[in-house]
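Please read this note with the sequence and the model side by side. Each numbered point takes up one topic.

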Amino acid sequence: MVLLSTSDPSGIAYIQTMNLDGESNLKTRYARQETNKLVLDGTIISWIITCEQPNRNVYEFTANLEINGLRFPLSQLNIILHGCQLKNTEWVVGVVVYAEQCNVTC
């Protein structure tokens with residue numbers, strides 16, 4: 001999930017990745033300031049996210065976020081992977097970029 005906004009005004013989220021890499025320390029993830037402010041202000045956002053194909057490398061992510069013709073790079077610091085747990089952060093808003101094909105029981 002690409003992180004768009006968090007309960008923290010500066011766009012910081014803390015996650016635990018123990019289910020992915022066995023590490024119990026908290027890691028910091030960041031919403032882009034451009035999207036964090038828009039979401040907190042309640043502004044309707046239209047964007048395009050262009051990202052690499054899904055792969056098994058949990059330590060890298062390459063993508064671009066385009067808002068109103070402006071392009072912003074995204075990295076591993078801007079995503080929360082499936083299996084991570086949100087800690088010390090009340091809420092996050094994000095957009096799923098990789099999802100399996102779903103059948104009717106999803």
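1. **The model and its conventions.** This is a predicted model, in which local features need pLDDT of at least 70 and side-chain atom pairs count only at pLDDT 80 or more, while totals for chains, interfaces and linings use all residues. Residues are numbered from 1 along each chain as its sequence is written, and side-chain values use heavy atoms, with hydrogens and water left out.

2. **The sheet E3-E2-E7.** Three strands in the order E3-E2-E7 form an open sheet with antiparallel pairing. Helices (H or I, at least four residues) and strands (E, at least two) are DSSP runs, numbered from the N terminus; two strands pair if DSSP finds at least two bridges between them. At the edges are strand E3 (26–30) and strand E7 (85–87), each of which pairs on one side only. From one strand to the next, the twist averages 45 degrees. Angles run from 0 to 180 degrees between N-to-C directions, and the axes are lines fitted to C-alpha atoms, for helices over the stretch in contact.

3. **Pairing within that sheet.** Strand E2 (residues 12–16) is joined to E3 by five bridges in the antiparallel sense. Alanine 13 has arginine 29 in E3 as its bridge partner.

4. **The sheet E4-E5-E6.** Another open sheet has three strands in the order E4-E5-E6, again with antiparallel pairing. Why is one side of E4 and of E6 left without a neighbour in the sheet? Strand E4 (47–51) and strand E6 (70–74) stand at the edges and each has a single partner strand, so one side of each lacks a neighbour there. On average, neighbouring strands of this sheet are turned by 20 degrees against each other, direction ignored.

5. **The pairs made by E5.** Five bridges link E4 and strand E5 (residues 63–67) in the antiparallel sense. Isoleucine 49 is opposite leucine 65 in E5, and isoleucine 48 is opposite glutamate 66 in E5. E5 and E6 also run antiparallel and are joined by five bridges; here asparagine 64 is opposite proline 73 in E6.

6. Ala63, Leu65 and Ile67 form the covered face of E5, whereas Asn64 and Glu66 form the uncovered one. The largest nonpolar core has nine residues: Val2, Leu4, Phe61, Ala63, Leu65, Ile67, Phe72, Leu74 and Ile79. A nonpolar core is a set of buried Ala, Val, Leu, Ile, Met, Phe, Trp, Tyr and Cys residues joined through side-chain atoms within 4.5 Å. Buried means under 20% relative accessible area, exposed over 50%, and partly exposed in between (1.4 Å probe, protein chains only). Strand E1 (2–6), E5 and E6 each supply at least two residues of this core, and E5 gives the largest share, three residues.

7. **The turn at asparagine 68.** E5 and E6 form a hairpin with two residues between them. Asparagine 68, in the loop between E5 and E6, has a positive phi of about 50 degrees although it is not a glycine. Most residues other than glycine have a negative phi. At 73% relative accessibility, asparagine 68 counts as exposed.

8. **Asparagine 88.** A positive phi, near 55 degrees, is also found in asparagine 88, which lies in the loop between E7 and strand E8 (92–95). Asparagine 88 is exposed, with a relative accessible area of 68%.

9. **Two partly exposed residues.** Asparagine 25 lies in the loop between helix H1 (18–21) and E3, and counts as partly exposed at 41% relative accessibility. Its C-alpha atom is 9.9 Å from that of tyrosine 14, 11 residues apart along the chain. Leucine 26, in strand E3, counts as partly exposed at 37% relative accessibility.

10. **The largest pocket.** How much space lies in the largest pocket? The answer is about 600 Å³. A pocket is an open set of points on a 1 Å grid over the protein atoms alone, where a 1.4 Å probe fits, with protein on both sides within 12 Å along at least five of seven lines; lining residues have an atom within 4 Å of a point. Grid points are joined across faces, edges and corners, and a volume is the space filled by probe spheres set on the points. Of the 20 lining residues, Met1, Asn55, Leu81, His82 and Tyr98 are the closest to the centre of the pocket. The lining comprises 12 nonpolar, four polar and four charged residues. Ala, Val, Leu, Ile, Met, Phe, Trp, Tyr, Cys and Pro count as nonpolar, Asp, Glu, Lys and Arg as charged, and the others, Gly among them, as polar.
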